[in-house]
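Have a look at the fold first.

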Amino acid sequence: MAMVMAAVLSENVSLEDFIASPPDDMEWVDGQIAEKNGMTVKHSRIQSRLDYSWRSYKNSSGQGGEVYTEVPCRTDRRVRRPDVAYLTSELVDQYGDVPTFPQSPLLVAEIVSPTDIAEDVFLKAQEYLDSGCWEVWIVFPESRWIMIMTQTQKLAFNSGDVISTQLVLLGFSVAVDELLG
């Protein structure tokens with residue numbers, strides 16, 4: 001999968017070296033350290049709102065776990081940094097404060113940037129699902145819709161809809177308009 005990246009900073013970096021000490025705002029893609037790109041003010045605002053919403057809900061519902069932004073995680077092919085991710089209490093206890101999670105978080109959100117290629121975004125979502133993730137939210141800020149992907153379904157929500165988690169952080173819901181503001 002060819003992702004559009006702002007810059008390839010280093011070639012031929014071993015996966016083991018990257019996992020042991022992942023640089024900020026970087027992903028390991030096909031043996032190269034690549035900078036994530038395309039962050040906009042809108043992207044940052046949506047990331048913050050989603051982080052706050054999931055965090056508030058996991059606290060008020062008593063489900064525990066942790067919500068992360070840009071946390072390094074291992075997929076079956078790469079090391080990624082999902083925009084927002086949730087791990088259950090069990091996974092937090094199991095992994096502690098490792099430099100890189102050895103699997104995808106169970107719930108992941110990716111916010112599509114203006115420079116992203118649609119096919120690459122869907123392939124990245126499938127990569128998470130193939131690596132232990134149960135549910136991926138793909139957020140399209142400009143078209144104002146959100147897609148949820150699981151192993152068995154793909155759901156789309158747009159302005160005016162209320163979106164709910166399907167398999168993880170059960171009971172969480174938020175208006176699409178509130179999230180995308």
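Cys 133 is buried, with a relative accessible area of 2% (buried means under 20% relative accessible area, exposed over 50%, partly exposed in between, using a 1.4 Å probe and protein chains only). This is a predicted model, where local features need pLDDT of at least 70 and side-chain atom pairs count only at pLDDT 80 or more, while totals for chains, interfaces and linings use all residues. Residues are numbered from 1 along each chain as its sequence is written, and side-chain values use heavy atoms, leaving out hydrogens and water.

So what does Cys 133 pair with? Nothing: its closest cysteine sulfur, in Cys 73, sits 8.4 Å away, too far for a bond, given that a disulfide is a pair of cysteine sulfur atoms within 2.5 Å. The disulfide count is zero. Cys 73 is in no disulfide either.

| Cysteine | Relative accessibility |
|---|---|
| Cys 73 | 0% |
| Cys 133 | 2% |

Now for helix α4. Helices (H or I, at least four residues) and strands (E, at least two) are DSSP runs, numbered from the N terminus. The buried residues of α4 include Asp 120, Val 121, Tyr 128 and Leu 129. Among the elements covering the buried residues of α4 are β5 (73-74), β8 (107-111) and β9 (135-140), with contact meaning heavy atoms within 4.5 Å.

Zooming out, the protein chain has five helices and 13 strands. Of its 181 residues, 48% count as buried. The C-alpha trace spans about 45 × 35 × 30 Å along its principal axes.
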